[in-house]
Amino acid sequence: MIIKSVDLETVCGITSTLPENTKPEFAFAGKSNVGKSSLINALMNRKSFARTSSQPGKTQTINFYNINDAFYYVDLPGYGYAKVALEVKAKWGKMIENYLHKSPMLQCVFLLIDIRHEPSVNDKTMYDWIVYQGYQPVIIATKLDKLKRSQVQKAIKTVRTGLGIGSDVTVIPFSAETKQGRDEIWELISDYANS
Ligand code: GTP
Ligand code: MG
């Protein structure tokens, strides 16, 4: 995919109203620190346009990145970040829920899972919630570079079993370091954006 322009067009906090975009949207969900913002940077061909951090809880708003004036990447706040007060967590949950529920332009939700770990209860809940909202999630197994090649198949199986998904659900192993998997994700996005 050729990235001609990227623009952080809208940032939504807990009290903001969501934008009424008229171009397709692609959302990235997953627990804190799983690599959502890093993936979005890779998909924008930018090193650090979206802010990333080794400390979980970096993205605390819903960020809409306008790409080529053609579609949006939507960076969602991560869940499962222990240090956030329960009240704030509940508000983020509502915010994400509201977004998934009410966005007519949302084409596809990517759910990111760290390839090294078994999906958590939160991951499973998020998966079920995305399905409940009428979307077929695409799973991105992140941080692929952290595994030896011989460990990958087993790790993907663990992700599949943990989420309870069958072969009809796409799982794409991805690394923000090597960019492995990026073309496959771009292809999916192009298909949706042009259909
Ligand atoms: P929140 O905004 O807190 O929800 O986190 P996030 O999901 O946006 O994660 P972020 O992209 O900020 O990445 C978290 C940390 O993981 C950073 O230190 C990244 O450099 C690192 N990271 C992300 N993706 C990869 C990857 O594919 N490989 C490796 N080795 N590190 C990664
Ligand atoms: Mg982030």
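Tutor: Strand E2 (residues 25-30) and strand E4 (residues 71-75) pair in the parallel sense over four bridges. Helices (H or I, at least four residues) and strands (E, at least two) are DSSP runs, numbered from the N terminus, and two strands pair if DSSP finds at least two bridges between them. This is a predicted model, where local features need pLDDT of at least 70, side-chain atom pairs count only at pLDDT 80 or more, and totals for chains, interfaces and linings use all residues. Residues are numbered from 1 along each chain as its sequence is written, with chains lettered from A and ligands numbered from 1 in the order in which they are written.

Student: And how many bridges join E2 to E5?

Tutor: Six, and E2 and E5 (residues 106-114) run parallel.

Student: What stands opposite Phe 28 in E4 and in E5?

Tutor: Asp 75 in E4, and Phe 110 in E5.

Student: Is E2 mostly covered or exposed?

Tutor: Mostly covered: six of its six residues are buried, where buried means 20 or more other C-beta atoms within 10 Å of the residue's own, exposed means 12 or fewer, and partly exposed is in between, with C-beta atoms placed from the backbone. Glu 25, Ala 27 and Ala 29 point one way, while Phe 26, Phe 28 and Gly 30 point the other way.

Student: Which residues touch the most other members of the largest nonpolar core?

Tutor: Phe 28 and Leu 111, out of 46 residues in that core. E5 gives the most to this core, with six residues. A nonpolar core here is a set of buried Ala, Val, Leu, Ile, Met, Phe, Trp, Tyr and Cys residues joined through C-beta atoms within 7 Å.

Student: Beyond four places in sequence, what is Phe 28 in contact with?

Tutor: Among them are Lys 36, Leu 39, Ile 40, Tyr 73 and Leu 112. Contact means C-beta atoms, placed from the backbone, within 7 Å.

Student: Switching to ligand 1: which residues come nearest?

Tutor: Gly 35, Ser 38, Thr 52, Thr 59 and Gly 78, of the 24 residues around ligand 1; a residue counts if its C-beta atom, placed from the backbone, lies within 6 Å. Helix H1 (residues 36-44) gives the largest share of that shell, three residues.

Student: How many helices and strands in the protein chain?

Tutor: Five helices and seven strands, in the order β-β-α-β-β-α-β-α-β-α-β-α from the N terminus on.

Methods: Two residues are in contact if their C-beta atoms, placed from the backbone, lie within 7 Å.
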